[in-house]
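Keep the sequence and the 3D view side by side.

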Amino acid sequence: MIVFLRLILICLVLVTVVPIAQAADFSIRTIVGEDVIPPTIPHPVTVTPIASTQLDVSWGVSVDNFAVAGYIVRRDGIYIATTTLTSFSDTGLSPSTTYTYQIQAFDTVFNYSSSSILVATTTLPTPPPPVVTPEATTTAPTATVARVVLDDLLIVPATDRVAISLSTARPARFELRWGRTASYELGYVTTDRFLRDYETTITGLEPGTLYEYELIGYTPAGRQTILKRGQFTTVSLDSERMLVPNVSGFIATVALDSVRLSWQPPILPNAYVRIVRSHLGFPQHQNDGAIVYQGKGTSVTDVDILQTMSPVYYTAFVVAESGAVSSGAIAVVYRSDTILSGSIPYEPERPPLPAEFAPIEEVRASTTLPELSDIMISQGVHTWRLEDQRIELTAGGTVTVSIAKDRVTAPIKIIIGTLLDPANHRQQFSFLLRLNQDRSAYEATLAVPTTVGVSQLTIEIYDFSSERLARYSNQISFIPAPDDPQVVFPDIFFTSPLIPFTLSGVMVGILSMLLWLLWRHRHEDNR
Amino acid sequence: MRQVAILAHLVQAVCGTVLALSLLSVVDAQVMSSPSYQLQSDSVNVGGGLSSSTAYIQESTTGEIATGRSESAAFNLRAGYQQLQEVFISLSAPTDVLMNPSIPGITGGVSYGSTTVTVITDSPGGYMLLLSAEGDPAMQSGSNSIPNYPAGTPDFAFTVPAASARFGVSPEGVDIPDVFRDDTFVCGVGVSDTPLACWTGIATTGVAMAESSNGNQPDGATTTLQFQLGVTAGAGVMSGEYTATTTLTALTL
């Protein structure tokens, strides 16, 4: 007897899904009627001399029948600050000078408490000339020399920034310098207040890069100590950076005073579209204006918006599941009576309609702006320069337009790309080129039309006064996508684990049957 | 006679093969669910077996090793072959809301406030965020109260009839239920999330403020709850401080 399988175990893991909940309470409060009750007087008030130029004021919280909104600080009877905190550092004072302070609380409807009692304190005397101690140290000071001692230092690098927090035993003023080399050439930050705890974030760093830093502390008496010299490395970007395509066919249509916006979202699982509006210019990031729409739809109507503003600038961002955001597709509309009043800033220029488009490069004489050859167009493994005579893109795919950042050194506000609809040269779609994640290029990824035909890509660069600095343009062609390769073997063979298992069983069965028949034949022949 | 015997053996062998294949199809691994249960994962295991001696009896299987669990403040890891996949959900703490401005008792007025929360879950079935009030109506001051906004399909615009008062909520965010989406005119239709639109009351039984059928870790989903209190002239609302004590509950699905 042939044994196919010795044992078959069926193991099913049945898990009851018990809903898990998290709950949090909160209150919603309001006042109906007149609130004429002021907060209580802040008490007690203390003033501490910190340096020859600084006094720290602190006070106890006030209580209100509804809510305390803040505190007013007065020095020598003169208003100097409003704060929601219960402390304030007064800097820029004169040495060995006595100052008086009063605090007053107010509530949400601006009922003011009476002023606190006057508290007077004198600043420290002028310090002697600072003495530099060049050695780096984190050890305790000697008994006779007061200097800044670093208690704790935490450095948390990210891709383009680093967060630094530190604490010292006594209030100190800090200076932080950093750079690619030990000359700390890239920048510095200083505090003007004497603090025990200090936090700062250095931005504009390059990913995956080693930086040197130096941290210096100053006592209130002016003594300088190098607290720490060291290095940190920013986090590298993922090797496969995600490029989020813009919506395609983003159109704004005016209907009376309302604006209907329509678009086709890219095929990107769990991505959503966020449309932001501004009357100042095209929103350049997803929080740069009022949110008109957020979701997975394809149209929205901005009702009666032209009654209150004209022109209206819209930018449609695609937000991927990962949080990455597209560069933005743009549209601008205006009331019919404002078109005659002047030009619309940033409005993409309507191109001519010849059968063929010639390359255009209109750049103000400048070495700080890119040339036509600096504008790159890439689709899949293919890359073109905008100056190329034949730029043939596959219709229906996605394409990335980019300009290296180091080719745009002029101060600019916005770079706009515009693509003609190959099926209708009177229709065009515009988009923004924004600095990419690693800040190496101005970039936009967009889904190109599915229609085969001739089109034109225009890139325009504007400065902060909405003056166009440069315009580049050339013809591009959309060609049919190559035929999909024929599937020779059914894909299901690879996707369903049961099928190869079943086929193996069939083959074993047939082989066994043949062996058995052969054995029977030989047995009968022998008989 | 010999041909008949061969044919009979052939039929016997084919039937045996078909039977074996039928058994295989019976043990085909499947992932299934019902309203009460969800089969997270399953498998078909072949191998191992029963061994025995005078001193022991052992039954073993092949191929499944669970390597253990690891935990941190943010993650729970169950590593290995089909370890129990626990679901996780977190709800950020909502801040207390102070409605602003205060409302004059005689002439009436409108007061606004908002709070924002983020729900993070790895539940494959998604989550639901419920807002419920401790009292009915929600906004109370001693023995006085302000009526809830009417329940049912939310109103696109916050409206308060003459000589009356209402307190309502409107959620905004990527996961708001369809009933709070609008076509910029009517709620419950369309896909828009028009700001400060689609208002309803806060019931003690809870109102869904957000829901999703997918997990969303690690970024989570943020929902902003907008609150509005409207009092028209002659509503007769007694002066005082009114408080609605509410609870947000994030529930895995």
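Start in chain B, at residues 59-69. Over this stretch pLDDT stays under 50. The model still gives residues 59-69 of chain B 25 contacts beyond four places in sequence. This is a predicted model, and such stretches call for caution. Where pLDDT is low, the predicted coordinates should not be read in detail.

Strand β1 of chain B covers residues 38-46, and its mean pLDDT of 46 is the lowest among the elements of the chain. Which element stands at the other end of the scale? That is strand β12 of chain B, residues 165-173, with a mean of 95. Chain B as a whole has a mean pLDDT of 76. Of its residues, 66% reach 70 or more. For the complex, the predictor gives an ipTM of 0.71 and a pTM of 0.41.

Now the make-up of chain B. Its secondary structure comes to 1 helix and 15 strands. The chain has 253 residues, and 30% of them count as buried. Take the contacts in chain B with a separation of 6 or more: residues 24 or more positions apart account for 68% of them.

One residue gives a local view. T118(B) sits in strand β8 of chain B, which spans residues 109-121. Is T118(B) buried or partly exposed? It counts as partly exposed, because it has 17 C-beta neighbours inside 10 Å, and a buried residue needs 20 or more. Beyond its neighbours within four places in sequence, T118(B) contacts S92(B), G220(B), A221(B) and T222(B). L129(B) is 11 residues away from T118(B) along the chain, and their C-alpha atoms are 9.9 Å apart.

Turn to chain A. It has 2 helices and 34 strands. Buried residues make up 30% of its 527 residues. Among its contacts with a separation of 6 or more, 67% join residues 24 or more positions apart.

One has 4 strands in the order β6-β5-β8-β9, paired antiparallel.

Y71(A) leads on to S87(A). These two are 16 residues apart along the chain, with 9.5 Å between their C-alpha atoms. S87(A) lies in strand β7 of chain A, residues 87-90. It counts as partly exposed because it has 13 C-beta neighbours inside 10 Å. Leaving aside neighbours within four places in sequence, S87(A) is in contact with D56(A), V57(A) and S58(A).

The other open sheet has 5 strands in the order β26-β25-β28-β32-β31 of chain A, again with antiparallel pairing. Its edge strands are β26 (382-385) and β31 (434-435) of chain A, each pairing on one side only. β31(A) pairs with strand β32 of chain A, residues 441-447, over 2 bridges. In β32(A), E443(A) is the bridge partner of R434(A).

In soluble globular proteins, nonpolar side chains tend to be buried together. The largest nonpolar core here has 58 residues. Those with the most contacts inside it are I275(A), Y314(A), A316(A), A329(A), I330(A), I415(A) and L432(A). Strand β22 of chain A, residues 312-319, gives the most to this core, with 6 residues. Where does this core lie? Domain 3 (248-341) and domain 4 (360-479) of chain A both give residues to it, so it lies between them. Look at A329(A): beyond residues up to four places away in sequence, it touches N246(A), V247(A), F250(A), W263(A), A316(A), F429(A) and F431(A). Apart from this core lies another, of 47 residues, among them V97(B), W199(B), A221(B) and L248(B). A221(B) is also one of the contacts of T118(B).

How values were computed. Residues are numbered from 1 along each chain as its sequence is written. Chains are lettered from A and ligands numbered from 1 in the order in which they are written. This is a predicted model: local features need pLDDT of at least 70, side-chain atom pairs count only at pLDDT 80 or more; totals for chains, interfaces and linings use all residues. A residue is buried if 20 or more other C-beta atoms lie within 10 Å of its own, exposed if 12 or fewer, and partly exposed in between; C-beta atoms are placed from the backbone. Two residues are in contact if their C-beta atoms, placed from the backbone, lie within 7 Å. Two strands pair if DSSP finds at least two bridges between them. pLDDT is the predictor's confidence in each residue, from 0 to 100. A nonpolar core is a set of buried Ala, Val, Leu, Ile, Met, Phe, Trp, Tyr and Cys residues joined through C-beta atoms within 7 Å. Domain bounds come from an automatic or database domain assignment.
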